[in-house]
Amino acid sequence: NDYVTKPIEATELRMRVQALTDLRNSVREQLHLEAAWLQAQIQPHFLFNALNAISAMSDIDVMKMKELLLEFGNYLRASFDFHNLEQLVPLEQELDLVRSYLFIEKARFENRLSVIWETEACESLHIPPLSIQPLVENAVKHGILKRASGGEIRIRIVIHEHTADIAVIDNGVGMSEETIHRLFNRTPEQRTGVGMYNTDRRLKQIYG
């Protein structure tokens with residue numbers, strides 16, 4: 001990133017190394033802050049929906065409402081865990097978040113939402129936080145629940161020697177090529193597609 005010419009002055013060399021090190025740390029910190037901001041944007045709309053579901057349940061089934069509140073607490077604890085500011089978290093931590101989310105949505109929509117888990121245990125696998133939950137949420141909201149009869153969501157994780165395949169599959173209404181293009185080429189003024197765009201952007205920050 002830089003050149004020095006002979007004869008080398010020790011002081012100049014130290015200053016240049018320090019400047020480059022500071023620059024690298026600054027860029028890394030900016031990426032870290034952007035990742036945290038991208039994650040924070042994903043949360044609010046689901047939180048409001050969950051609170052509305054719990055509120056509605058209070059007039060129908062108090063025991064069910066208490067169960068939902070407990071699971072909602074688990075969801076909040078996992079969502080706002082300080083480890084979510086880390087670049088990578090254990091896969092199981094992310095799946096706990098997904099389970100809490102789906103528990104609440106199942107309580108809201110009952111038989112309209114069916115969930116199938118096809119996951120292999122892998123304690124050593126770490127992934128970017130909030131990289132599966134937004135995909136599941138989009139599959140539920142924009143795929144399955146767009147159909148009057150609902151549908152099925154399948155979460156599949158296959159572990160290989162050096163890689164892992166993670167898939168979120170639904171039999172909902174699907175997406176047009178135009179919608180897919182719009183999701184991954186989002187403009188700042190667009191108010192939808194936050195979860196997909198932010199997940200894609202964070203993955204590219206880490207893996208290129």
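Colleague: Leaving aside its neighbours within four places in sequence, with which residues is V140 in contact?

Modeller: In this predicted model, V140 is in contact with Y101, L102, E105, L113, L145 and I153, once neighbours within four places in sequence are left aside.

Colleague: Which residues touch the most other members of the largest nonpolar core?

Modeller: The general idea is that nonpolar side chains tend to be buried together in soluble globular proteins. Here the largest nonpolar core has 30 residues, and those that touch the most other members are L91, L102, I132, V136, V140 and I153. At least two residues of this core come from each of helix 2 (44-57), helix 3 (62-79), helix 4 (91-109), helix 5 (133-144) and strand 4 (151-159). Helix 4 gives the most, with eight residues.

Colleague: How many helices and strands does the protein chain have?

Modeller: The protein chain has seven helices and five strands. Along the sequence, their pattern reads α-α-α-β-α-β-β-α-β-β-α-α. Of contacts between residues at least 6 apart in sequence, 69% join residues at least 24 apart.

Colleague: How should I read a pair of strands, and what joins strand 4 to strand 5?

Modeller: In general, the side chains of a regular strand alternate between the two faces of the sheet. In this structure, strand 4 and strand 5 (residues 164-170) run antiparallel and are joined by seven bridges. A hairpin of four residues leads from strand 4 to strand 5. Within this pairing, I157 stands opposite I166 of strand 5.

Colleague: How many aromatic pairs are there?

Modeller: A pair of aromatic rings is described by the distance of the centres and the angle of the planes. In this model the count of aromatic pairs is zero. One ring does have a charge over its face: R99 lies over W117, at 5.2 Å from the ring centre.

Colleague: Which residues does the cis peptide bond join?

Modeller: The cis peptide bond joins K6 and P7, with omega about -5°. P7 belongs to the segment before helix 1 (10-42).

Colleague: Does E110 count as buried or exposed, and why?

Modeller: E110 counts as exposed because its relative accessibility is 55%, and the cut-off for exposed is over 50%. E110 lies in the loop between helix 4 and strand 2 (113-119). Its phi is near 50°, a positive value in a residue other than glycine.

Colleague: What percentage of the protein chain do buried residues make up?

Modeller: Buried residues make up 32% of the 208 residues. The accessible surface of the protein chain is about 13,200 Å², and 55% of this surface belongs to carbon and sulfur atoms.

Methods:
Residues numbered from 1 in each chain as written. Predicted model: local features only at pLDDT ≥ 70, side-chain atom pairs only at ≥ 80, totals over all residues. Heavy atoms only, no water. Phe/Tyr/Trp six-rings, centres within 6.5 Å; stacked < 30°, edge-to-face > 60°. Lys NZ or Arg CZ within 6 Å of the ring centre and 35° of its normal. Buried < 20%, exposed > 50% of the residue type's maximum accessible area, 1.4 Å probe, protein only. Contact = heavy atoms within 4.5 Å. Areas by Shrake-Rupley, 256 points an atom, 1.4 Å probe, with all protein chains shown as cover. Core = buried A, V, L, I, M, F, W, Y, C linked by side-chain atoms within 4.5 Å. Pairing = 2+ DSSP bridges.
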